[in-house]
Amino acid sequence: MNKDFLKKYPLVKHLLYMLAVSAIIVVLAFLLIKTIARQGKEYELPDFCGTALTEIESNNPLHLKYVIIDSIYDAESEGGIVVQQDPKPGTMVKTHRKVYVTVTTFAPSDVVLPELANMTVRSAVSALEASGLRCGKLKFVDSPYRNMILEATHKGKMVYPGEKMDQGAAVDLTVGLGDKPVGTRVPFVIGQAPSKARRGILSASLNVGVEHWEGVNNRNSAVCYKLYPDYTGVTRYPLGTAVEVWYCDATEADIERIISNFKVDSSQIFHTQYDGYDDYYITEEDETLDEGWDW
């Protein structure tokens, strides 16, 4: 396109100028958006669980903003320790991102013991957790009221509904055994977090035995990978039997692998005997009772 043509048709010249200016504006806008949004500059979010909030705030190269959304009391942990975070560790984030955390409190607050009498074990475990308490040991005694809470104690002393207790305190429960011994199955808690695994074991009218933490760096992100007695889905054990639990550090991918690789030891299914009776051979009446039991 020559100069004579542009002189002859000035409108075309102005249109070309407008297109050039528009193209420059579009390019500059994209560059500005990329700079503001920090596109291409994402970083892997570290795992803050188990670390003091003051420590991660003082060492903050990504200039992250930490927002406390909840706090819990943990008798085994110091105050101000991060126990949960959102986004999860490993998420790709940009600088100045907000990270929502749950931390431990420095001192327990007062909570009120709920009414537990006449509840089933499962219901009582849930009621205690909802009140900020936890279930300690289950003690089964002779009583016609099978699987029913008879009394609650704390450090060997009776406690009653409405009584104030420290948040996170362990409440031991005395439970009715029923007219005859009927076994209970170990629940499948493989791949679950410690709190959920404990709840599952207790809700099945079993006790949490020795917990093994060898090699665990962060108890808040650990999961259960082994039990003894093991889960079979069939074998029954006397009520109150202690179940040992092994934990390990695990990512979400590890959890899927742990669950998929879990295999039932068939040698444990038909040969477990307690008190002279075989827990596997349950009568038809027992199975009927079991269906109505709130596991």
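**Note on aromatic contacts and nonpolar cores**

1. The charged end of Lys226 sits over the ring of Trp246, at 4.6 Å from the ring centre. The criterion for a charge over a ring is NZ of Lys or CZ of Arg within 6 Å of the ring centre and within 35 degrees of the ring normal. The charged end of Arg219 likewise sits over the ring of Trp213, 4.2 Å from its centre.

2. As to provenance, this is a predicted model, in which local features need pLDDT of at least 70 and side-chain atom pairs count only at pLDDT 80 or more, while totals for chains, interfaces and linings use all residues. Residues are numbered from 1 along each chain as its sequence is written, and side-chain values use heavy atoms, with hydrogens and water left out.

3. The largest nonpolar core has 44 residues, of which Leu116, Val171, Leu173 and Leu227 touch the most other members. Such a core is a set of buried Ala, Val, Leu, Ile, Met, Phe, Trp, Tyr and Cys residues joined through side-chain atoms within 4.5 Å. Buried denotes under 20% relative accessible area, exposed over 50%, and partly exposed in between (1.4 Å probe, protein chains only). Elements that each supply at least two residues of this core include helix H4 (121-130), strand E11 (170-176) and strand E16 (242-249). Helices (H or I, at least four residues) and strands (E, at least two) are DSSP runs, numbered from the N terminus. H4 gives the largest share of this core, five residues.

4. The structure holds five aromatic pairs. Rings of Phe, Tyr and Trp (its six-membered ring) pair if their centres lie within 6.5 Å; planes under 30 degrees apart count as stacked, over 60 as edge-to-face and the rest as tilted. The ring centres of Phe188 and Phe262 are 5.3 Å apart and the planes stand at 75°, so this pair is edge-to-face. Phe188 and Phe262 are 74 residues apart, and their pair links distant parts of the chain. Phe188 is partly exposed at 32% relative accessibility, whereas Phe262 is buried at 18%. Phe188, Tyr231 and Phe262 form one aromatic cluster.

5. Trp213 and Tyr247 form a stacked pair, because their ring centres are 4.2 Å apart and their planes are at 25°. Trp213 lies in the loop between strand E13 (207-212) and E14, and Tyr247 in strand E16, so the pair ties together parts 34 residues apart in sequence. Trp213 is buried, with a relative accessible area of 15%, and Tyr247 is buried, with 2%.
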